[in-house]
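I am keeping my notes in the order in which I looked.

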Amino acid sequence: MIATQYLLEAFRGEGLTHVFLVPGGLIDPFLPALAATDGLTPIVACHEGGAAYMADGYARASGRFGVCFAIGGPGVTNMVTAVATARTDCSPLMVISGQVPTDWEGRGGFQDSSPAALNDVAIFQPLTISSLMVENPRLVHHHLRASLTKMLAGAQGPVHLSLPTDMQRAPIQAPWRKLDDSVAAPRFVDRHAIERLWRVLEPPESAAAPVKIVALAGAGVEKSGATNDLVAFAERFEIPVATTLRAKGVFPEDHRLSLGIFGYAGHRPAIDAILSDDVEVLLVLGSGLSQRDTLFWDRKMLPSKALVQVDLDPQVIGRTWPVDVPIVGDCGRALQVVMTYDYQLAQALAATGPQRREWLEAIKAAGPRYFEQENTASAAVPLHPARVVQELRNVMPRDTVLVVDSGAHRAFCGHYWEAYGPRSYLSATNLGPMGWAIPAGIGAKAARPELPLVVVTGDGCMLMHGLEIQTAARYGIAAIFVVINNSALGNVWLRAVQEGPGAAGLTEVPEHDWAGFARSLGLGAATVHQPEELAPAFSQALEAKAPFLVDVRCDRKFTTPVSPYSQAKQAWVDED
Ligand SMILES: Cc1ncc(C[n+]2csc(CCOP(=O)(O)OP(=O)(O)O)c2C)c(N)n1
Ligand SMILES: [Mg+2]
């Protein structure tokens, strides 16, 4: 077989069902193979950025990885933001780009972006774990295997392979052998470090044993598929669990031990508990403790006895603050090892469970979970986004996947949507590129067609990647797109308006008819002006079982529920 067929067979062998692309001369040899590989559906996007975002969404929803194809030169440069997004969120994404034949390099060839010209490989180098050009057909197999392994093992992230057209047509002999999970998805943990953890949890001096222990779960728990392990651990020892916004849903938000989100768009119980002086041990599972995940590096979250951090990537441990018990390893495996520990010890920790339960009850009783909860019932016209999110949650089934874009709507969704499972809430939280959710939602729905899926986006985001709803329509991918249509780059407007009408004017968007736009591209659509119209419109979208857009006319004046974050930002001083 030739290299193009070989690559596609390998992707299918690794369990992929879809790949994403924008065609062009430099990947022409892929087209016959793409059209003929059973079980692997190629989705042609409007824009290469869209194709790469779709592959990213596919990776996040499926738990496998995503693959996208583009021509070198303009196709590759169109993907730069998407690849940066995958990098910052550690999403496993493989980009395959085409290149001029090797004997044309550096001779003024059309779209030459080989290392002798524009240099795609170098463009992607700072954005990927590995960016390589295959210059010898005997290396196709090797570079593919090495790139997939680098992409999947450890911290994960995007990789890039550039294939000149003569390499794409090269014959390949060896059959693809599936990657072994113990390499591609390692499940190791440093057992010695777990023993250190037990010495903190149950010191020889039993009077000093910590009672107030909290877990903060990040994306590492999601990647490890460790939700059940975390629930079992929390329930056995009565340990309250918060999540980061990125990992929302990894611990069911309606579980009695859930504190909700800590950090940006966070919930009161999580913030009150973790910032209180009470916490003795904070167990951070698979979170890099970024600015937003620490409420602007708020040192009040440091516990009195021990900060414990579990991460597959040792470079992340201690990046923000020194850690008392660093544990290099997989979050799920770490929890499993903790659970199998010496029965005597575990019994003593379990004995303090009732005290933790009492503490948790007191935290919960001290006030509502949500800030400004009354807004979820707002009768305002134009609508309040909090009301929109609440009505959406009421209509959509429990297993819905919500894919959220960048803007004020991110904070409303993060705060008011309740998520019940891992990979049920997807958002590009570290780079926050506008428009990501629209194609990412299409990729996610392709990966998990059996689950209802809603993209919540803004009118500003629609102006960036809204055209990709046409891709959903063309392929019948039944995603529901909810546009929070507030005639503004909303969260920028909220700041700009304080500077006066001149500044605010720069952030205003004309009132567009996004439902009309959607219909013109082949989607079903509805426009909502009144709060009572929300539930019927969402039900209609759900029942359509076809791509559908709900254009919700909202007011831009409503502030987002992020006051603890804003206060922490103002209070921040660099103490290190
Ligand atoms: C590619 C990109 N450009 C600019 C920004 C800065 N930015 C963040 S949110 C936002 C406005 C989003 O507007 P909209 O989609 O209408 O959402 P809203 O805030 O109104 O809910 C802007 C300009 C960004 N995050 N990404
Ligand atoms: Mg807007």
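Before starting on the metal, I noted that a donor here is an N, O or S atom within 2.8 Å of it, and that water is not among the atoms, so a site may look incomplete. I also reminded myself that this is a predicted model.

**Metal site.** I looked up the magnesium ion (ligand 2) and found that Asp459 (OD), Asn486 (OD1) and Ala488 (O) coordinate it, at 2.0 to 2.1 Å. Along the sequence I read the spacing of these donor residues as D-x26-N-x1-A.

**Ligand 1.** Which residues come nearest to ligand 1, out of the 18 around it? I listed Ala408, His409, Gly432, Asp459 and Gly460. For polar contacts, I found a backbone atom of alanine 408 at 2.7 Å from an oxygen of the ligand, one of glycine 432 at 2.7 Å from a nitrogen, and one of asparagine 491 at 3.0 Å from an oxygen. Taken alone, ligand 1 exposes 590 Å², of which the protein buries 76%. H18, helix H20 (459-465) and helix H22 (490-496) each give two or more residues to its shell, and H20 gives the most, with four. I sorted the shell into eight nonpolar, nine polar and one charged residue.

**Helix H17.** I noted that this helix (residues 385-395) is largely enclosed by the rest of the structure, because eight of its 11 residues are buried. Its buried residues pack against several elements, including helix H18 (408-416) and strand E15 (453-458).

How values were computed. Residues numbered from 1 in each chain as written. Chains lettered and ligands numbered in written order. Predicted model: local features only at pLDDT ≥ 70, side-chain atom pairs only at ≥ 80, totals over all residues. Heavy atoms only, no water. Donors = N, O, S within 2.8 Å, 3.2 Å for Na, K, Ca; no water. Buried < 20%, exposed > 50% of the residue type's maximum accessible area, 1.4 Å probe, protein only. Contact = heavy atoms within 4.5 Å. Near = heavy atom within 4 Å. Polar contact = N/O pair within 3.5 Å; in protein donor to acceptor, adjacent residues only side chain to side chain. Areas by Shrake-Rupley, 256 points an atom, 1.4 Å probe, with all protein chains shown as cover. Nonpolar A, V, L, I, M, F, W, Y, C, P; charged D, E, K, R; others polar.
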